[in-house]
Amino acid sequence: MVTIKDISAASGYSQATISRLFKGDESLSITAETKQTIITTALSLGYDRSKIKTTLYKIAIPFFLNRAQVIQDMYFTQVQNALIKFGKLANMEMQFITEKAKLALLPEDISGFIGVGDLSREDLSLLKERGLKGVLLEINPCPKYFDTVKPDTDSMTRDAIDEFIHAGFTKIGFIGGSYHDPQTGREEMDSRERVFRDYLSSKDLLQEDYIFSEGLFSIDEGYQLASDMVSKLKDRLPEACFIASDTLAIGALQAFNELGIKLPAELAIISINDNEIAQFVSPPLTTYRIDVEEMAKTAIELLADQLTYPRKITKTVLLGSELILRKSFVRS
């Protein structure tokens with residue numbers, strides 16, 4: 001078992017200083033560099049993190065989403081809450097940043113960052129110049145510099161198609177949103193749509209007029225896209241539809257119900273996220289559960305690992321999922 005005496009011998013600081021630091025003594029006057037050295041030494045020796053009561057690291061959370069995205073897409077609210085929860089458990093003090101101009105004004109005692117949303121290469125270059133360690137959630141324009149944690153939505157998309165085909169469906173539609181490229185400011189094809197197109201093409205089942213995709217991943221957009229699908233296709237609707245997120249799916253379900261489309265008898269649906277509301281809509285959504293808490297915890301663990309054991313390579317972690325079967329699609 002690693003003791004404070006061991007940490008003192010390895011770090012060169014007195015046992016009294018280390019003890020006061022670990023007890024969270026606010027009257028202790030030491031530099032941020034000294035604190036960092038002691039904590040890094042302790043953790044690298046295997047000292048029990050739970051015995052350290054002081055803040056281990058101050059972490060910036062660039063959270064670059066417009067307010068409409070946060071309000072409309074419940075997924076990002078879940079991400080924010082999970083980062084706060086697991087940050088506290090890891091004794092990390094988190095500073096959320098929602099304005100890009102503040103990236104250049106980060107306090108000197110910030111040790112690292114976890115990025116969410118539209119961070120450009122310029123934003124990340126600024127953080128790299130500061131020598132900060134970092135983890136990006138989902139979208140990472142600089143994977144050579146920073147770690148990445150993301151749900152494996154490509155696999156979910158292919159698996160959803162396989163589920164539909166196994167159930168006997170060959171007319172498969174898609175409802176999705178656009179990816180906003182922070183580098184160019186343009187709206188581009190989201191990866192779920194790209195995989196959907198490629199995978200169905202490989203099976204000679206892709207029908208272009210079954211794809212409705214644009215705009216935000218919002219309830220309103222899902223309602224509009226589903227309405228457009230019924231308006232344009234009329235009695236030529238697909239037999240099944242993969243929807244890129246629960247938020248879109250909730251709006252789509254409302255439109256389909258209003259327009260008299262019987263679900264799942266006339267149109268089976270699978271979506272992604274498993275938001276809490278997914279089980280209460282009509283019909284309840286069959287959806288891939290993205291474990292947002294596991295994603296946040298993994299990001300914090302990766303960042304803590306970098307800060308304790310600096311490395312020259314980066315890591316990318318793909319998180320799997322579980323298909324939660326409800327009434328919008330039932331396996332035959």
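Predicted model: local features only at pLDDT ≥ 70, side-chain atom pairs only at ≥ 80, totals over all residues.
Residues are numbered from 1 along each chain as its sequence is written, and side-chain values use heavy atoms, with hydrogens and water left out.

When I say helix or strand, I mean a DSSP run, with helices being H or I of at least four residues and strands being E of at least two, numbered from the N terminus. Two strands pair if DSSP finds at least two bridges between them.

Back to that pair, then. Strand β1, residues 57-64, and strand β2, residues 92-97, run parallel and are joined by six bridges. Strand β1 is also joined to strand β3, residues 110-117, by five bridges, and these two strands run parallel as well. If you want to find this pairing on the screen, look for Lys58, whose bridge partner in β3 is Ile110, and then for Phe64, whose partner in β3 is Gly117.

Is strand β1 largely enclosed or left open by the rest of the structure? Seven of its eight residues are buried, so β1 is largely enclosed; buried here means under 20% relative accessible area, exposed means over 50%, and partly exposed lies in between, with a 1.4 Å probe and protein chains only. Strand β3 is mostly covered, with eight of its eight residues buried.

From β3 we can move on to strand β4, residues 133-137, which pairs with β3 in the parallel sense over five bridges, and in this pairing Gly112 stands opposite Lys133 of β4. The chain gets from β3 to β4 through helix α6, residues 121-129, and this β-α-β crossover is right-handed, which is to say that, with the strands pointing away from the viewer, the path from the first strand over the helix to the second runs clockwise.

Now to another sheet. Here six strands form an open sheet in the order β9-β6-β10-β11-β12-β14, with mixed pairing. Its edge strands are β9, residues 211-213, and β14, residues 322-324, each of which pairs on one side only. From one strand to the next, the twist averages 20°; for angles like this, axes are lines fitted to C-alpha atoms, for helices over the stretch in contact, and the angles run from 0 to 180 degrees between N-to-C directions.

Within this sheet, strand β6, residues 172-176, and strand β10, residues 240-243, run parallel and are joined by four bridges, and Ile172 stands opposite Ala240 in β10. Helix α8, residues 191-202, lies across β6, β9, β10 and β11, where β11 is residues 268-273, and α8 runs at about 165° to β6.

Helix α1, residues 4-11, and helix α2, residues 15-22, pack at an angle of about 115°, with their axes 9 Å apart. Which residues of α1 and α2 make the contact? On the α1 side they are Ile4, Lys5, Ile7, Ser8 and Ser11, and on the α2 side Gln15, Ile18, Ser19 and Phe22, where contact means heavy atoms within 4.5 Å.

In α2 the buried residues are Thr17, Ile18, Ser19, Leu21 and Phe22, and what covers them includes α1 and helix α3, residues 32-45. After α2 comes Gly24, whose phi is positive, near 80°. Ala10, found in helix α1, touches Thr41 and Leu45, not counting residues up to four places away in sequence. The C-alpha atoms of Ala10 and Ile38 are separated by 9.0 Å, although the two residues are 28 apart along the chain.

I will end with the cysteines. How many disulfides does the structure hold? It holds zero, a disulfide being a pair of cysteine sulfur atoms within 2.5 Å. Cys142 is buried, with a relative accessible area of 8%, and Cys241 counts as buried at 0% relative accessibility.
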